[in-house]
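Please read them with the structure open beside you.

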Amino acid sequence: NFKIFEDLEKQIPNFKSAVDYYRGAFAMNKTRKSFEYIAPRPILLLGDAGIGKTYFANTLAKLLNTSYNFFDSNSISTSWALSGSSPSWRGADAGLIFKTLAASNNISPLITLDEIDKLQINSQNSPFSLFHQMFEKENSKRFYDEYLKFYFDASNIIYILTANNIRNIPDSL
C-alpha cells in the first residue's frame with residue numbers, strides 16, 4: 001500500500017528525500033519479475049540532534065507494519081553485541097541481529113543503529129568492521145552468529161543509521 005509513503009511525507013515533511021528513497025525501493029520490488037523480495041539498502045540519516053531522525057525510523061516501521069528494533073550505539077562496544085559472542089565467555093549470548101530476526105513478525109524487520117558516529121572504536125573488535133557484512137546483500141545472506149554457531153539469512157533487514165556528523169565513520173561505509 002503506497003499510501004503509507006504519502007502519510008509519512010505528511011507526518012514528517014523534512015524527510016521527503018528519505019521517503020522518496022523508500023517509495024522507490026518498494027516500487028522496484030513490486031515491479032520485479034522475480035518473486036524474491038529485496039530489502040532497501042541501508043541509509044544514513046545525517047543531521048543535528050533533535051531533528052527527528054529516530055522518529056522517522058520508528059514511524060516508517062509502524063507504517064510498514066514490520067518489527068522494529070532500536071540500538072543506541074553507545075551500548076554497542078564490540079561487534080559481538082551484534083553477531084553473538086563465543087559460548088566460552090561468561091555472559092555469552094546470541095547477537096542482536098539474530099534476536100531481532102527471531103522476534104520479528106516477518107523476514108524484514110527495521111533496525112535503527114542510532115548515532116553511529118558515537119560508536120566505541122577499538123583496534124581489537126570495532127563494530128564498524130561487522131557493518132560491511134551486515135549491509136552487503138551477498139554477505140548478509142550467510143550471517144554468522146558466534147554464540148549459536150549458526151549461519152542465517154539477514155539480507156532482508158532494513159537498516160537505518162543515524163549520525164550527527166560523519167567524522168568518526170569509516171570512509172568505506
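1. L44, L46 and I166 make up a nonpolar patch on the surface, with about 270 Å² of accessible area together. Patches are built from residues with over 30% relative accessible area and no salt bridge, joining like charges within 9 Å and nonpolar side chains (Val, Leu, Ile, Met, Phe, Trp, Tyr) within 5 Å. Accessible areas come from the Shrake-Rupley method with a 1.4 Å probe, and for residues only the protein chains shown count as cover. I166 sits in the segment after β6 (158–163); helices (H or I, at least four residues) and strands (E, at least two) are DSSP runs, numbered from the N terminus.

2. This is a predicted model, in which local features need pLDDT of at least 70 and side-chain atom pairs count only at pLDDT 80 or more, while totals for chains, interfaces and linings use all residues. Residues are numbered from 1 along each chain as its sequence is written, and side-chain values use heavy atoms, leaving out hydrogens and water.

3. Helix α2 (residues 16–31) has 16 residues and spans 22 Å from its first C-alpha to its last, close to the 22 Å expected at 1.5 Å a residue. The expected span is 1.5 Å times one less than the number of residues.

4. Which residues of α2 are buried? They are A18, V19, Y22, A25, F26 and N29. Seen down the axis of α2, the buried residues fall within an arc of 130°, so they line one face of the helix; the arc is that of the directions from the helix axis to the C-beta atoms. On the other side of α2, S17, M28 and T31 are exposed. Buried means under 20% relative accessible area, exposed over 50%, and partly exposed in between (1.4 Å probe, protein chains only). The cover over the buried residues of α2 includes α1 (3–11), β1 (43–46), α3 (53–64) and β6, where contact means heavy atoms within 4.5 Å.

5. The count of salt bridges is nine, each being a side-chain nitrogen of Lys or Arg within 4 Å of a carboxyl oxygen of Asp or Glu. D7 pairs with K3, with the closest N and O atoms 2.8 Å apart. Both lie in helix α1, four residues apart, about one turn of the helix.

6. R23 forms a salt bridge with E9, with the closest N and O atoms 3.5 Å apart. This pair links distant parts of the chain, R23 in helix α2 and E9 in helix α1, 14 residues apart. E9, K16, D20 and R23 are linked in a network of salt bridges.
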